[in-house]
Number of protein chains: 2
Amino acid sequence: MSEFVSLPLALAAEQFAKLPGIGMKTAQRLAYHMLNLPENEVKTFAESIVKARESVHLCNCCQNFTEREQCSICSDENRDKNVICVVESPKDVSAFERAGGFDGLYHVLHGLLSPMDGITAEDLKIKELISRLTDVKEVIMATNPTVEGEATAMYLGRIIKPMGIKVTRLAYGLPAGSALEFADDVTLAKALENRNEL
Amino acid sequence: MSEFVSLPLALAAEQFAKLPGIGMKTAQRLAYHMLNLPENEVKTFAESIVKARESVHLCNCCQNFTEREQCSICSDENRDKNVICVVESPKDVSAFERAGGFDGLYHVLHGLLSPMDGITAEDLKIKELISRLTDVKEVIMATNPTVEGEATAMYLGRIIKPMGIKVTRLAYGLPAGSALEFADDVTLAKALENRNEL
């Protein structure tokens, strides 16, 4: 950072560079950008981040991030309380809400089982999920289509099915708007296997 | 932003999205990242930005950003005060310092002449440059090799040369590590024109 003439500027750039996906060059550009903003805008930016960190915690029901005791989805009277969609992270909830079409509740695991990385069932919000399952008719496993995602879905399925609850898994298949020729073998095989009647 | 369950989180993401080169998806990712950091790290991040904005201003000599009255380069006794390298922005000073090899002083114009965008000589730090030129032997025009950069270099050259000061321009030519076949016509023509004896 020796090329920086100003120490506070170098420190700000260093902080930006710590963010995921932000390299030194971008960090430098962002730090310079801050100097060109009105002082109150910079303060608003800084405060919004601290505020988010301070006020946001986990929903006491679905474990998603919220600033209230129970998140807006869990406390929404209009949502179907019989269906719970289990996801890895809060980002996945955002993805579903953005896509629309699902009006049940969510449960955020905050991770996936990964014995290689030392992540076991105790590290995930599984206890909290099981304790929610009274009066639930269906649990949708919406973990990522990866080895860890599959393993976690299988593991949870084996616990939840004996409770007399229907457990489903997101469909594998071709992504919309893609081309057959670019699909990988596993996806193509799954798409064929899970073909639907027209 | 309706897909966000938490308002403070949405506000933080919105602030990130205002940064140059950061889209909504990255902003969301960064906001989520903040929630996973220890609270004191988030505060350090926020404070470093506000601190930079509050304490950094323009050097009274070269107009580069600094938190002191005169920047560390201008106040460095070991630098050659006979040569001034004129650049468009503080980023360019960083680039030269990173590359090394220049031990003179800088002058930051904070922009380039661009009549189309209504940027005239009064909008740039040209007055400040002229007033520094006592006892200076050479002024290097290190503006970008663009139309505006060229025009600004020419304009300043016409003012400074009559003062009996040597005015030079950065060399045009092939960038190091590049391939001839990918060079554009202007660059290739300039590289040929400015060829040096081996």
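1. Basis. This is a predicted model, in which local features need pLDDT of at least 70, side-chain atom pairs count only at pLDDT 80 or more, and totals for chains, interfaces and linings use all residues. Residues are numbered from 1 along each chain as its sequence is written, chains are lettered from A and ligands numbered from 1 in the order in which they are written, and side-chain values use heavy atoms, with hydrogens and water left out.

2. Extent of the interface. Chain B puts 54 residues in contact with 54 residues of chain A (contact: heavy atoms within 4.5 Å). About 4,900 Å² is buried between the two chains. Buried area here is the accessible area (1.4 Å probe) that two parts lose on being put together, summed over both. Carbon and sulfur atoms give 69% of that area.

3. Polar links across the interface. Between chain B and chain A there are 14 residue pairs in polar contact, both residues at pLDDT 80 or more. A polar contact is a pair of N or O atoms within 3.5 Å; within protein, one must be able to donate a hydrogen and the other to accept it, and residues adjacent in sequence count only if both atoms are side-chain atoms.

4. What chain B contributes. Two or more residues each come from helix 1 (7–17), helix 2 (24–36), helix 3 (39–55), strand 2 (65–66) and helix 4 (90–99) of chain B. Helices (H or I, at least four residues) and strands (E, at least two) are DSSP runs, numbered from the N terminus. Helix 3 of chain B gives the largest share, 14 residues. By class, this side of chain B has 28 nonpolar, 13 polar and 13 charged residues. Ala, Val, Leu, Ile, Met, Phe, Trp, Tyr, Cys and Pro count as nonpolar, Asp, Glu, Lys and Arg as charged, and the others, Gly among them, as polar.

5. Salt bridge between chains. The count over all chains is 7 salt bridges (a side-chain nitrogen of Lys or Arg within 4 Å of a carboxyl oxygen of Asp or Glu). Between chain B and chain A the count is 3. One pairs Lys43(A) with Glu54(B), the closest N and O atoms being 3.3 Å apart. Lys43(A) lies in helix 3 of chain A and Glu54(B) in helix 3 of chain B, so the pair joins two chains. Lys43(A) is partly exposed at 34%, and Glu54(B) is partly exposed at 43%. On this scale buried means under 20% relative accessible area, exposed over 50%, partly exposed in between (1.4 Å probe, protein chains only).

6. Salt bridges within chains. Arg79(A) and Glu97(A) meet at 3.0 Å, N to O. Arg79(A) sits in the loop between strand 2 and strand 3 of chain A, and Glu97(A) in helix 4, 18 residues apart. Arg79(A) is buried at 12%; Glu97(A) is partly exposed at 23%. In chain B, Glu97(B) and Arg79(B) also form a salt bridge, 3.0 Å from N to O.

7. Backbone points to check. Most residues other than glycine have a negative phi. His110(A) has a positive phi of about 60°. His110(A) is in the loop between strand 4 and helix 5 of chain A. Asp135(A) has a positive phi of about 65°. Asp135(A) is in the loop between helix 5 and strand 5 of chain A, and is exposed at 71% relative accessibility.
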